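Please look through the sequence and the coordinates below before reading on.

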Amino acid sequence: MVVGARLVELGFDLFWPVNDRPAIDLITVWKDAVVNRIQIKTKNLPRENQLSQEVRAVNADPKKYDYLIAYLATQTAFYILPALAVKTRKTLIFYPNGKTNKVECDYELYRDAWHQLRLE
């Protein structure tokens, strides 16, 4: 709901699936022109004494969504990742409080990258 509220604040129209096993969590529409299928993953509690936070994406199929939005509740951090950035990873590791030298885990360029959802 937090992700949906943020999208509405930014001016997106939202559509939610009504069945109990959707491949996506919501659909966003920007100015009646740009439509995106969104998968949402959240992390409510960080690991103890760790700089990183893991978000599990086990059931997320990148062929069925356009963007995965990872929401880290304790930092109020949103990461808007294109499906191509996620690929087939089952666990995404974020470093919201500092950089990492692990190139495959550097998702900071996607932090608060809501503009991507407005591009055709």
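This is a predicted model: local features need pLDDT of at least 70, side-chain atom pairs count only at pLDDT 80 or more; totals for chains, interfaces and linings use all residues.

**An enclosed strand and its surroundings**

Strand 6 (residues 77-82) is largely enclosed by the rest of the structure, because six of its six residues are buried, where buried means under 20% relative accessible area, exposed means over 50% and partly exposed lies in between, with a 1.4 Å probe and protein chains only. Residues are numbered from 1 along each chain as its sequence is written, and side-chain values use heavy atoms, with hydrogens and water left out.

Both faces of strand 6 are covered, with Ala77, Tyr79 and Leu81 buried on one side and Phe78, Ile80 and Pro82 buried on the other. Strand 5 and strand 6 pair in the antiparallel sense over six bridges, pairing being assigned if DSSP finds at least two bridges between two strands. One of the residues involved is Tyr67, whose bridge partner in strand 6 is Pro82.

Leaving aside neighbours within four places in sequence, Gln39 is in contact with Ala23, Ile24, Asp25, Ala60, Tyr65, Tyr67, Leu68 and Ile69, contact meaning heavy atoms within 4.5 Å. Gln39 has its place in strand 3 (residues 34-43) and is buried, with a relative accessible area of 7%. What does the side chain of Gln39 reach? It reaches the backbone oxygen of Ala23 at 3.0 Å.

Lys64 and Ala23 are 41 residues apart in sequence, yet their C-alpha atoms are 6.3 Å apart in space. With neighbours within four places in sequence again left aside, Lys64 is in contact with Ala23, Ile24 and Arg37, and Lys64 is partly exposed at a relative accessible area of 43%.

How many salt bridges does a search of the whole structure find? The search finds three, a salt bridge being a side-chain nitrogen of Lys or Arg within 4 Å of a carboxyl oxygen of Asp or Glu. Asp66 forms one of them with Arg37, the closest N and O atoms being 3.1 Å apart. This pair links distant parts of the chain, for Asp66 lies in the loop between strand 4 (53-56) and strand 5 (67-72) and Arg37 in strand 3, 29 residues apart. Asp66 is partly exposed, with a relative accessible area of 26%, and Arg37 counts as partly exposed at 31%.

Another salt bridge joins the side chains of Arg6 and Glu9, at 3.0 Å from N to O. Being three residues apart in helix 1 (residues 2-9), Arg6 and Glu9 are separated by about one helical turn. Arg6 is partly exposed at 28% relative accessible area, whereas Glu9, at 60%, counts as exposed. The side chains of Glu108 and Arg111 likewise meet in a salt bridge, at 3.6 Å from N to O; Glu108 is partly exposed at 23% relative accessibility, and Arg111 is partly exposed at 26%.

Key:
Helices (H or I, at least four residues) and strands (E, at least two) are DSSP runs, numbered from the N terminus. A polar contact is a pair of N or O atoms within 3.5 Å; within protein, one must be able to donate a hydrogen and the other to accept it, and residues adjacent in sequence count only if both atoms are side-chain atoms.
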